[in-house]
Amino acid sequence: MKFIINSQLFAKNLQSLSGVLTTNNNVPIISCFHFHLEGNTLTAKATDMETTVTASMELEEVSIDSINEVAVPAKTLLDILKNLSDGPITFSVDESNYSIDMRAREGKYALPGQNPETFPTMQEKSDTTSVVISASALVNAITKTSFAASTDEMHQQMSGIYCELTPEHTTFVATDAHKLVRYRRLDVVSDETKSFIFSRKPINIVKNILAGNKEECDVTMEYNNTNVFFTFGNMFVACRLVDGKYPDYDRAIPKENPFRLTLDRASFLNSLRRVSIFANQTTHQVRLKTGGNEIVISAEDMEISNAAHESLACEYEGDPIEIGFNARYLMEMVSNLDSENIVLQMSHPSRAGLITPLVDDEESKEDVLMLVMPVMLANS
């Protein structure tokens, strides 16, 4: 088995697979890439047993003897490729013992390949339903929701991203019970209503690969009851869905929010960054006090006599209100919005606040809602 490939093309494709790599002493072969050569196409594969990522590369010069596949130590191969100049690489595999000989302009390198017969097989794609979504829309959906997912692995459902497809729209949701994000695409619809939960690791791998591509493309997402499959460009990602039922997130979203605060997103974010430096490092509490056309943002840590107060111009509708939030949660949410202005809706100091972008474009294809739970103020 022998082929010649450009070093940068090789490195770029293998780097796309590297996010799924893991070390498992019980299954050591999954620390390898699996290479399969058929015709002039090299297919590289990596897996962590739950998620499998493959990349197909077209080759100009190929030679196949009695073997056409091999398992290659991933870390060693990636490390050497990162340090090679742009140019052709000759990659040869000894059919007797799977040892690898790699030659580049800089020199010659030997790697201990393995028999690939124990490499895990990929999930089968059967009885699937498909939907097409643009790469930019999928990246936005994942970016704007994944940060809100729970990091508590004891609650697998909430550590993932919920996806609901309907004939009207597609909705992505993530929550950790302190914050919640609902991202909805009005331009992605399905003939049937279906819902499932993505694991956070594979869906972020998909996002990172797509974000690294400069050209826009469509992503075909196929799913059944146990797996979801993404196909785009020369990449294919298969991952298991999370078992179980997602919480009824819609019940957590307050429907009556008479107090409405509109303000400049960048100014608010920068103010939060400054004021939060002075907040208690355990609670990260900041206080928002509204009234008229001004909002006062403050924080204090009484244990070390830290305090900060800032005022921002705003548009406000409703009675004066004083409410506390975790500054980290607010900053995460506001930094993941793109609009020039945002709206914060509230009803009571003990009830969740809703943050939405202020969008003038009535034809916008995305609908974003972020919910953050308040923290009790010291004098409340």
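**Aromatic pairs, core and salt bridges**

Analyst: Phe-3 is buried, because its relative accessible area is 0% and the cut-off for buried is under 20%. Note that this is a predicted model.

User: How many aromatic pairs are there by the ring rule?

Analyst: The count comes to 13 aromatic pairs. In one of them, the ring centres of Phe-3 and Phe-91 are 4.9 Å apart and the planes are at 15°, so this pair is stacked.

User: Where in the chain do Phe-3 and Phe-91 sit?

Analyst: Phe-3 is in strand β1 (residues 2–6) and Phe-91 is in strand β7 (residues 88–93). They are 88 residues apart, and the pair links distant parts of the chain.

User: And Phe-91, buried or exposed?

Analyst: Phe-91 is buried, with a relative accessible area of 0%.

User: What about Phe-196 and Phe-198?

Analyst: Those two form an edge-to-face aromatic pair, 5.2 Å centre to centre with 75° between the planes. Both Phe-196 and Phe-198 are buried.

User: Back to Phe-3. Which aromatic cluster does Phe-3 belong to?

Analyst: One cluster is formed by Phe-3, Phe-10, Phe-33, Phe-35 and Phe-91.

User: Which residues touch the most other members in the largest nonpolar core?

Analyst: That core has 104 residues, and the ones touching the most other members are Phe-10, Phe-35, Leu-77, Phe-198 and Phe-230.

User: What is Phe-10 in contact with, beyond its sequence neighbours?

Analyst: Leaving aside neighbours within four places in sequence, Phe-10 contacts Phe-3, Ile-5, Phe-35, Leu-42, Met-57, Leu-77, Leu-81, Ile-89 and Phe-91. There is also a second, separate core of 12 residues, with Ile-197, Val-242, Leu-369 and Leu-371 among them.

User: Changing topic. How many salt bridges does a search of the whole structure find?

Analyst: The search finds 14 salt bridges. One of them joins the side chains of Glu-50 and Arg-240, at 3.7 Å from N to O.

User: Where are Glu-50 and Arg-240?

Analyst: Glu-50 is in the loop between β3 (41–47) and β4 (51–58), while Arg-240 is in strand β17 (residues 235–240). The two are 190 residues apart, so the pair links distant parts of the chain. Glu-50 is partly exposed at 42% relative accessible area, and Arg-240 is partly exposed at 35%.

User: What does Asp-338 form a salt bridge with?

Analyst: Asp-338 forms a salt bridge with Lys-144, and their closest N and O atoms are 2.8 Å apart. Asp-338 lies in the loop between α6 (327–335) and β24 (341–346), and Lys-144 lies in helix α3 (residues 135–146), 194 residues apart.

User: Why does Asp-338 count as exposed?

Analyst: Asp-338 has 59% relative accessibility, and exposed means over 50%.

User: Which residues are linked in a network of salt bridges?

Analyst: Asp-101, Arg-103 and Lys-108 are linked in such a network.

User: New residue. Where does His-169 lie?

Analyst: His-169 lies in the loop between β11 (161–165) and β12 (170–175). His-169 counts as buried at 17% relative accessibility. Its side chain has a polar contact of 3.4 Å with the side chain of Thr-171.

User: What is His-169 in contact with, leaving aside neighbours within four places in sequence?

Analyst: The contacts are Glu-164, Arg-184, Arg-185, Leu-186, Val-188 and Val-189.

User: Last one, Asn-227. Buried or exposed?

Analyst: Asn-227 is buried, at 4% relative accessibility. Asn-227 lies in strand β16 (residues 227–232), and its side chain makes a polar contact of 2.9 Å with the side chain of Thr-226. Leaving aside neighbours within four places in sequence, Asn-227 is in contact with Gln-123, Glu-222, Cys-239, Arg-240 and Leu-241. Arg-240 is the residue that meets Glu-50 in a salt bridge.

Key. Residues numbered from 1 in each chain as written. Predicted model: local features only at pLDDT ≥ 70, side-chain atom pairs only at ≥ 80, totals over all residues. Heavy atoms only, no water. Helix = DSSP H or I, 4+ residues; strand = E, 2+ residues; numbered from the N terminus. Buried < 20%, exposed > 50% of the residue type's maximum accessible area, 1.4 Å probe, protein only. Contact = heavy atoms within 4.5 Å. Polar contact = N/O pair within 3.5 Å; in protein donor to acceptor, adjacent residues only side chain to side chain. Phe/Tyr/Trp six-rings, centres within 6.5 Å; stacked < 30°, edge-to-face > 60°. Core = buried A, V, L, I, M, F, W, Y, C linked by side-chain atoms within 4.5 Å. Salt bridge = Lys/Arg side-chain N within 4 Å of Asp/Glu carboxyl O.
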